Amino acid sequence: MSFHRLNQKTIIYIIIAFAYFSNIAVHTTYYLYLTRELGLSNTEALGLDAPTFITNIIFEVPTGIWGDKYGYKKSFLVSVILGILASVFYFIAGSYFFLVLGSIVFGLGLAFASGSFDALCIENN
């Protein structure tokens with residue numbers, strides 16, 4: 001499926017759906033569920049947001065450069081793959097290490113997604 005063939009209304013629905021499902025609040029709720037299963041403290045649970053934000057900030061510019069070089073569609077695909085990989089880390093989390101690793105991968109996926117959606121909106125207007 002090509003983004004060029006989608007009308008603007010469909011593109012807006014795709015962006016809204018992606019923003020909803022990749023919302024950090026959803027993942028924070030999921031962190032709390034997992035940490036209760038693992039018996040972590042509230043500090044450790046909320047501390048899982050830090051790797052996500054730090055990774056996103058650090059990789060925002062490099063992933064934008066990568067997206068400019070290889071295209072926003074590939075950048076979006078990488079963000080989806082990283083989102084799936086982050087979910088795998090959350091599901092197999094038997095320790096705090098895997099939760100942190102999932103948070104880092106999720107932050108990297110957010111960095112790839114942000115630039116690709118900006119490019120998608122600009123190109124289709």
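User: Starting from the N terminus, in what order do the elements of the protein chain run?
Analyst: From the N terminus on, the order is α-α-α-α-α-α, that is, six helices and zero strands, where helices (H or I, at least four residues) and strands (E, at least two) are DSSP runs numbered from the N terminus. Please keep in mind that this is a predicted model, in which local features need pLDDT of at least 70 and side-chain atom pairs count only at pLDDT 80 or more, while totals for chains, interfaces and linings use all residues. Residues are numbered from 1 along each chain as its sequence is written, and side-chain values use heavy atoms, with hydrogens and water left out.

User: How much of the protein chain counts as buried?
Analyst: Of its 125 residues, 32% count as buried, meaning under 20% relative accessible area, with exposed being over 50% and partly exposed in between (1.4 Å probe, protein chains only).

User: OK, helix α5 then, what span should it have?
Analyst: Helix α5 covers residues 72-91, and its 20 residues should span 28 Å at 1.5 Å a residue, which agrees with the 29 Å between its end C-alpha atoms; the expected span is 1.5 Å times one less than the number of residues.

User: And which residues of α5 are buried?
Analyst: They are Tyr72, Ser75, Ser79, Leu82, Ala86, Phe89 and Tyr90. Looking down the axis of α5, these buried residues fall within an arc of 95°, so they line one face of the helix, the arc being that of the directions from the helix axis to the C-beta atoms. An α-helix has 3.6 residues a turn, so residues three or four places apart point the same way.

User: What sits on the face of α5 turned away from that buried side?
Analyst: That face carries the exposed residues Ile84 and Phe91.

User: Switching to the second largest pocket, how much space is in there?
Analyst: About 150 Å³, where a volume is the space filled by probe spheres set on grid points joined across faces, edges and corners. A pocket here is an open set of points on a 1 Å grid over the protein atoms alone, where a 1.4 Å probe fits, with protein on both sides within 12 Å along at least five of seven lines, and lining residues have an atom within 4 Å of a point.

User: Which residues lie nearest its centre, and which element gives the largest share of the lining?
Analyst: The lining has 13 residues, of which Gly64, Gly67, Asp68, Gly115 and Ser116 lie nearest the centre. The elements giving two or more residues are α4 (49-70), α5 and α6 (96-123), and α6 has the largest share, with six residues.

User: Gly115 again, how far is it from glycine 64?
Analyst: Glycine 115, which lies in helix α6, is 51 residues from glycine 64 in sequence but 5.6 Å away in space, C-alpha to C-alpha. At 32% relative accessibility, glycine 115 counts as partly exposed.

User: Last one, is alanine 93 buried or exposed, and what does it touch?
Analyst: Alanine 93, in the loop between α5 and α6, counts as buried at 15% relative accessibility. Leaving aside residues up to four places away in sequence, alanine 93 touches Leu38, Phe98 and Leu99, contact meaning heavy atoms within 4.5 Å.
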